[in-house]
Amino acid sequence: FTESSLCAMTKDYDFVFDLGKLSDEMIRSGMGHEDIRKVCAAEGARPPPRLPPLFDQMVSQKSFTNGKDDMPIVKKVQRSAFTHEFEKVHVLNFCRLGWGDDEATAIADIVTQYASAAGNLTDLRLHFNHVGDAGAAALAECLVTVPSLKELRLNGNKIGGAGAAALADALGRRKCTIESLGLGGNPLGDDGVIAICEAVVASAATLKVFIVDKCGLTDAAVP
């Protein structure tokens, strides 16, 4: 549990595998990396990084040979590693993991608490998941609280008008310095896209790239 929690903190979506999902037949077949990824890094196989308080709570339920001495050490190691990893990271790529609003909110909390002050995180990728309006609203706050963030990829999720409104609100604030926002493949509709565009224009935002293909747009959204 501890080892898996430590190694999976900031690694890309296809660098953490659950090898227990491989059958003996699969192993003998000589599968390549991509085939192994499809099985061992499939949706739902990986939880989001565990914030230290959550880790402390979960590890307290585990058994140790010498729990009285080992438990505090394990908690201290995880807390130190967590802080170190998220303060130094530049890109977080958590795409194609089957994550929804709860996971997106967890990532937003982590980024806000640990990556903001360090100023190293520039790229946050959560495309091709199942993030909806609530997750988008949580991530929208990162556009304001993490000034180093320049790119947010949310293509291929389930973000609708309410999520678009939350992103528009964030884009309209002075502290937002995002340059690239990917929202293609979300059911934003005309109102969602227009709200974001109007916020960018009104605030003279720094946004340079705005991807909105396959978002259910009509001619009404294109003046």
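Is Ser5 buried or exposed? Ser5 counts as buried, because its relative accessibility is 8% and the cut-off for burial is under 20%. The legends below describe close-up views of a predicted model.

**View 1. Ser5 in helix H1.** Ser5 sits in helix H1. Its side chain has a polar atom 2.9 Å from the backbone oxygen of Phe1. Beyond residues up to four places away in sequence, Ser5 touches Arg50 and Phe55. Phe55 belongs to helix H4 and is one of the buried residues there.

**View 2. The two faces of helix H4.** Helix H4 spans residues 52–59. Four of its residues are buried: Pro52, Phe55, Asp56 and Val59. They lie on the same side of H4, because they cover an arc of only 100° around the axis. Which exposed residues does the face of H4 turned away from its buried side carry? That face carries Pro53 and Gln57. Phe55, on the buried side, is also a contact of Ser5.

View 3. Pro48 counts as buried because its relative accessible area is 17%, and the limit is under 20%. Which residues are in contact with Pro48, leaving aside its neighbours within four places in sequence? They are Trp99, Glu103, Ala106 and Ile107. The C-alpha atoms of Pro48 and Glu85 are 14 Å apart in space, and the two residues are 37 apart in sequence.

**View 4. The largest pocket and its lining.** The volume of the largest pocket is about 230 Å³. How many residues line the largest pocket? The lining has 17 residues. Nearest the centre of the pocket lie Ser4, Ala8, Val16, Arg46 and Pro47. Two elements give two or more residues to this lining: helix H1 (2–7) and helix H5 (67–88). H1 gives the most, with three residues.

**View 5. Residue types around the largest pocket.** The lining divides into 11 nonpolar, three polar and three charged residues. Among the residues nearest the centre are Arg46 and Pro47. Arg counts as charged and Pro as nonpolar. Helix H1, which gives three residues to this lining, is also the place of Ser5.

How values were computed
Residues numbered from 1 in each chain as written. Predicted model: local features only at pLDDT ≥ 70, side-chain atom pairs only at ≥ 80, totals over all residues. Heavy atoms only, no water. Buried < 20%, exposed > 50% of the residue type's maximum accessible area, 1.4 Å probe, protein only. Arc of directions from axis to C-beta. 1 Å grid on protein atoms, 1.4 Å probe; cavity = no way out; pocket = protein on both sides within 12 Å on 5 of 7 lines; lining within 4 Å. Points joined across faces, edges and corners; volume = space filled by probe spheres on them. Polar contact = N/O pair within 3.5 Å; in protein donor to acceptor, adjacent residues only side chain to side chain. Contact = heavy atoms within 4.5 Å.
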